Amino acid sequence: QVQLVESGGGLVQAGGSLRLSCAASGSIYSINHMGWYRQAPGKQRELVAAITSGGSTNYADSVKGRFTISRDNAKNTVYLQMNSLKPEDTAVYYCNAEVVTYNFGSQRYWGQGTQVTVSS
């Protein structure tokens, strides 16, 4: 099976920065898309940023110019650098990856989530 383990969340003041990491492990043949989603209390989960295996990226309008997604294919890891954080960025952030495994083909996996809290 495949596990996604996130790290890097926490409490930060508005205007500050955080860097999230998500490492995939298990019977991985390759990883296609990787991305970060977030879910604030009472709201639906939304896409924050995504990156293809070739490095193409896309971002939610609300984070463009402030967040940067990147990945290290050799480490099966995706990162989210978050700058100029705002209180409205407060949410649980989830890592997502489309993983091709040796036994089960292509499936999407989710991490357990990491809390990001931005104080005003």
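Trainee: Which side chain does R38 meet in a salt bridge at 2.7 Å, N to O?
Mentor: In this predicted model, the partner at that distance is E46; R38 is buried, with a relative accessible area of 7%, whereas E46 counts as partly exposed at 35%.

Trainee: And what does D89 do with R38?
Mentor: D89 forms a salt bridge with R38, and their closest N and O atoms are 3.0 Å apart. Because D89 lies in the loop between β8 and β9 while R38 belongs to strand β4, the pair ties together parts that are 51 residues apart in sequence.

Trainee: Is D89 buried or exposed?
Mentor: D89 counts as buried, at 1% relative accessibility, and its side chain also meets that of R66 in a salt bridge of 2.8 Å, N to O. R66 is buried as well, at 11%, and salt bridges with shared partners join R38, E46, R66 and D89 into one network.

Trainee: Switching topic, what's the volume of the largest pocket, and which residues are closest to its centre?
Mentor: The largest pocket has a volume of about 170 Å³, and of its 13 lining residues the closest to the centre are R38, A40, K43, E46 and E88. By class, the lining holds seven charged, four polar and two nonpolar residues.

Trainee: What about β8, why call it largely enclosed?
Mentor: Five of the six residues in strand β8 (residues 77-82) are buried, so the rest of the structure largely encloses it. Strand β3 runs antiparallel to β8 and is joined to it by six bridges, while β7 also pairs with β8 in the antiparallel sense, over six bridges.

Trainee: Which residues stand opposite M82, then?
Mentor: L18 is the bridge partner of M82, and F67 stands opposite M82 too.

Key: Residues are numbered from 1 along each chain as its sequence is written. This is a predicted model: local features need pLDDT of at least 70, side-chain atom pairs count only at pLDDT 80 or more; totals for chains, interfaces and linings use all residues. Side-chain values use heavy atoms; hydrogens and water are left out. Buried means under 20% relative accessible area, exposed over 50%, partly exposed in between (1.4 Å probe, protein chains only). Helices (H or I, at least four residues) and strands (E, at least two) are DSSP runs, numbered from the N terminus. Two strands pair if DSSP finds at least two bridges between them. On a 1 Å grid over the protein atoms alone, a cavity is a set of points where a 1.4 Å probe fits but cannot get out, and a pocket is an open set with protein on both sides within 12 Å along at least five of seven lines; lining residues have an atom within 4 Å of a point. Grid points are joined across faces, edges and corners, and a volume is the space filled by probe spheres set on the points. Ala, Val, Leu, Ile, Met, Phe, Trp, Tyr, Cys and Pro count as nonpolar, Asp, Glu, Lys and Arg as charged, and the others, Gly among them, as polar. A salt bridge is a side-chain nitrogen of Lys or Arg within 4 Å of a carboxyl oxygen of Asp or Glu.
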